[in-house]
Amino acid sequence: MNNNHLYDMLSQEQTPVMIIDDNHYIAVSNRKEFIGKKLDEVVDSDLPPDEWSGTFSGKVDGEEAEVLVDVLLPEISSNKLKFVSVIPQKVIMEDANKFLGLGLIVIIISLVIAVLLIYFFSKLLSKRILRLGEQIDTVSEGDLNVYIQVDGEDEIGLLSYQLNYMIRNIRELIEEVDKAHRKNNILEKRQQEIKLKMMASQINPHFLFNALESIRMKAHMKGEKEIAGVVKLLGKLMRKSISVTGEMVTLQNEIDLVRCYLEIQKFRYDDRLTYSLNIDPLSEELYIHPLIIQPLVENAVLHGIEDKSQGGQVEITTKVIGEELHVLVSDNGVGIDEEKLQLINKALENIEDTRENRIGLVNVHQRLILTFGKKSGLTIKSQPNSGTEVLFVIPARGKEHV
């Protein structure tokens, strides 16, 4: 074989490469100084040369290296040449160090990216949590008009939505409680107004009753039985009026008061006024507010019948239907035109009205709805020259409403 040709091929390798013969002499190598030497002169190893095969460790030029020995030609060849490749450990470690350095760089870059991502997301989360905490502190100080604005569809965003829902419910509950409290105050005020109005007529009541009784007795002794009867009714009406308290009374008690009032008005209007009481026996022992029906009857007489020259009639009807008490006061008076009826209905709904002269329709309507609810308020139907009907419906459950 041409040694120069082999040398040219082996020179392409960077590490020492050798071809040795049967006697372990170096025939060809990319390191010219190795040619002609025995392999054990180039490679220093603890193993004897006869056992050099495969891969083993040794020293070449004083440097640690890995030596690879392999048969170059088949055994049938007359010369058993061997191929020996020497790879210094520094070369091996150099590649390993390169991979290690590359790995370290990748790890460091990954850690930096991870730290930056953790910092970014932590800052974003902490910022949202701090904003949520600040807005919750505002709510805890009593400001229920705040709207918690934390965007996102994660747990923090969901918590923000639920807190807003809770705040809205609390605000609505407080408004309802405040409204109910205000209604109770108005109801108490309405009841006090009635008592104050009645108290205005309590100036020395015993003297007044005694005077009326004396007038009645004088009229009776002189044969004026009608006048005596009217005076007696007037005294009874006044007694019942000034004994009114905030407690509820039976329907029968209220009807007695209405009957006294109508008898006195009948004496005043003579044949211009008649009345009828259609009272359901089942309703007589039910409890209602005092002075609820009487103002409606008074309104019917004064505004419906007074301008009627003849044939005036007032009718009071009560009926128990299921668990409801229906009370209807109707007259065949002059009626109410559409415009005025609208004004009356508007006045009925003005629950914040603070005027003190409300012992008529408005007072009755507001006392009813404040106690039994809006559906129990007055319903007024009227046509000019066709009379008027005033209806209210309350639960028929006895004195438990007190």
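Colleague: What makes Lys59 the bridge partner of Asp44?

Modeller: Asp44 has Lys59 as its bridge partner in strand 4, and Val43 has Val60. Those bridges are two in number and join strand 3 (residues 43-44) to strand 4 (residues 54-60), antiparallel to each other. Two strands pair if DSSP finds at least two bridges between them, so strand 3 and strand 4, with two bridges, count as paired. Please keep in mind that this is a predicted model: local features need pLDDT of at least 70, side-chain atom pairs count only at pLDDT 80 or more, and totals for chains, interfaces and linings use all residues. Residues are numbered from 1 along each chain as its sequence is written, and side-chain values use heavy atoms, leaving out hydrogens and water.

Colleague: How do you know where strands and helices are, and how they are numbered?

Modeller: They are DSSP runs numbered from the N terminus: helices are H or I with at least four residues, strands are E with at least two.

Colleague: What does strand 4 pair with in the antiparallel sense over seven bridges?

Modeller: Its partner there is strand 5 (residues 63-71), where Ala65 stands opposite Gly58. The two strands form a hairpin with two residues between them, and Asp61 in the turn has a positive phi of about 55 degrees. Both belong to an open sheet of six strands, in the order 2-1-6-5-4-3 with antiparallel pairing.

Colleague: Why are strand 2 and strand 3 called the edge strands?

Modeller: Because strand 2 (26-29) and strand 3 each pair on one side only.

Colleague: What makes Lys59 and Glu64 a salt bridge?

Modeller: A salt bridge is a side-chain nitrogen of Lys or Arg within 4 Å of a carboxyl oxygen of Asp or Glu. For Lys59 and Glu64 the N to O distance is 3.9 Å, so the pair qualifies. In general, side chains of opposite charge can pair when their charged atoms come close.

Colleague: How many salt bridges are there in the whole structure?

Modeller: The search finds two. Arg259 and Asp256 form one of them, with the closest N and O atoms 2.9 Å apart. Both residues sit in helix 7 (residues 251-269), three residues apart, about one turn of the helix.

Colleague: Why is Lys59 called partly exposed?

Modeller: Buried means under 20% relative accessible area, exposed over 50%, and partly exposed in between (1.4 Å probe, protein chains only). Lys59 has 37%, so it is partly exposed. Glu64 is partly exposed too, at 38%.

Colleague: Is Leu291 buried or exposed?

Modeller: Leu291 has a relative accessible area of 5%, so it is buried. It lies in the loop between strand 9 (287-288) and helix 8 (294-305), and its phi is positive, near 55 degrees.

Colleague: And is Asn385 buried or exposed?

Modeller: At 69%, Asn385 is exposed. Its loop runs between strand 12 (379-382) and strand 13 (388-395), and its phi is near 65 degrees, a positive value in a residue other than glycine.
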